[in-house]
Each structure stands twice: as C-alpha cells, then as structure tokens.
Amino acid sequence: MGAKEIIAETGAGQHGVATATACAFLGLPCKIFMGAVDMQRQALNVKRMQLLGAEVIACTSGNQTLKDAVDTALSYYIENPESYYLLGSHVGPHPYPKMVGFFQSVIGNEAKQQFLQKEGKLPDSIIACLGGGSNAIGLFSAFLEDQEVKIYGAEGGGEDTLNNTAATLNYGIPIVFQGTYSYCLTDENGNPIASKSVAAGLDYPGISPQHAHFKRY
C-alpha cells in the first residue's frame, strides 16, 4: 500500500504489542500512541512494544488514557497521510469499526468452535468487557445469529456516578464523537467528559455504534 510507517493506538497494550510484533516481522517502522496514565498501568506491555522496536509515544493531553491516544493518533495520521493507521479499538469513523470487528471476529469464531468441541452445544451466555470494544465485538460477532445465547457487556463502573465512571451505555447520550454518532459520557452541555476506570482499555467515554445497537435492540 506504499505506507512508510504503521501507527496504532492502544489502551491496555495488547493491540500495541500485536502491531509491534507484525511490524518487527515485516521490518516496518512502528509508532504506538498510548495515554501516559495507561503506560504506567501497563508498563510490561510498553516494555514489550519497545523490545520489538516500536516507538511508544506518551499522550499527555486530557485524561491521558485511550480517548487521548485515539485523538493523538488521528491527528498524527491527518498530518502524515503517508502513514497507515492500524486502529485497534472498535471506534472512530467508518470503515474502522467494521474493519476492526471483522479482524477481531477470530476471537468469537475460535471461542464458539472450542465450546462446541468441549460441550457439544452452544453456551447459555457470553460476556466481554466494554471499553474500546474490540474484544467484545470479536466475541459477540460469532453468536449474533444464535438467539438462545444471551450476550452481556461489562463496563467499568467506577464509583457509579456520571463524573466518575466508564459506563457509557448506562450514563452516556448519543453525540458525534471521534467521527461517529453513538453514546458518549458528556457534561450538562453535551460535551464529552473524561471517563474513569482503574482498568486500562475500559477507561473510554465513547462506544461503537454497533455496541450501542446491541443495547437498544
């Protein structure tokens, strides 16, 4: 595709490590944008990325978590179109959520296959954490046609108040945020506010439109 470098954002660090691994294998320059707070919380994954040759860039604006990593990566991509943005969270403008959902579907496909091999039937229910949403959409996608399987998403509750939570589907309202229209934690004027969770990757104030659809229907 002619890209001179690969860039990505990461919250808890798994996508960053995966991207750094692929770039090391292919001999491609790699920049990973990560919130400064998340870098402290996930220092081992930061070290893994660096050992693989990636440049890990600390995002020091805002809440210094996943939201700010996405903001910084998008801004960098706009200013450096010769880069390729390998977005790992299930967020951002179309077609990114669709692409991420497709690639992450390996999680659900393997989980479904393994459960059928082990138990000889489908599970009664499945559950995944909701933050950036990629892990959850990966698991959920394999079971969407199986009406007998209940689907649960777990959000970072924080202190269970609007100003101290990451529970977007419980407390958010629909707005345009980071290029997509979906639920987001906001202040009284409808402006996005910082989410709060002790878990890196769950600390995100928005949610993908597909997860919002699951909540409503």
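**Exercise 1.** Sort the residues lining the second largest pocket into nonpolar, polar and charged.

*Solution.* Start with the classes: Ala, Val, Leu, Ile, Met, Phe, Trp, Tyr, Cys and Pro are nonpolar, Asp, Glu, Lys and Arg are charged, and the others, Gly among them, are polar. The lining then splits into eight nonpolar, four polar and one charged. The model is predicted: local features need pLDDT of at least 70, side-chain atom pairs count only at pLDDT 80 or more, and totals for chains, interfaces and linings use all residues. Numbering runs from 1 along each chain as its sequence is written, and side-chain values use heavy atoms, without hydrogens and water.

**Exercise 2.** Locate the second largest pocket and give its volume.

*Solution.* A pocket is an open set of points on a 1 Å grid over the protein atoms alone, where a 1.4 Å probe fits, with protein on both sides within 12 Å along at least five of seven lines; lining residues have an atom within 4 Å of a point. Points join across faces, edges and corners, and volume is the space filled by probe spheres set on them. The volume is about 290 Å³. Nearest the centre, among 13 lining residues, are Ile 151, His 211, His 213, Phe 214 and Lys 215. Helix α8 gives the largest share, four residues.

**Exercise 3.** Describe the lining of the largest pocket.

*Solution.* The space is about 610 Å³. Of 32 lining residues, His 15, Gly 88, Gln 104, Ser 134 and Asn 135 are closest to the centre. The classes are 17 nonpolar, 14 polar and one charged. Element α5 gives the most, seven residues (helices: DSSP H or I runs of at least four residues; strands: E runs of at least two; numbered from the N terminus).
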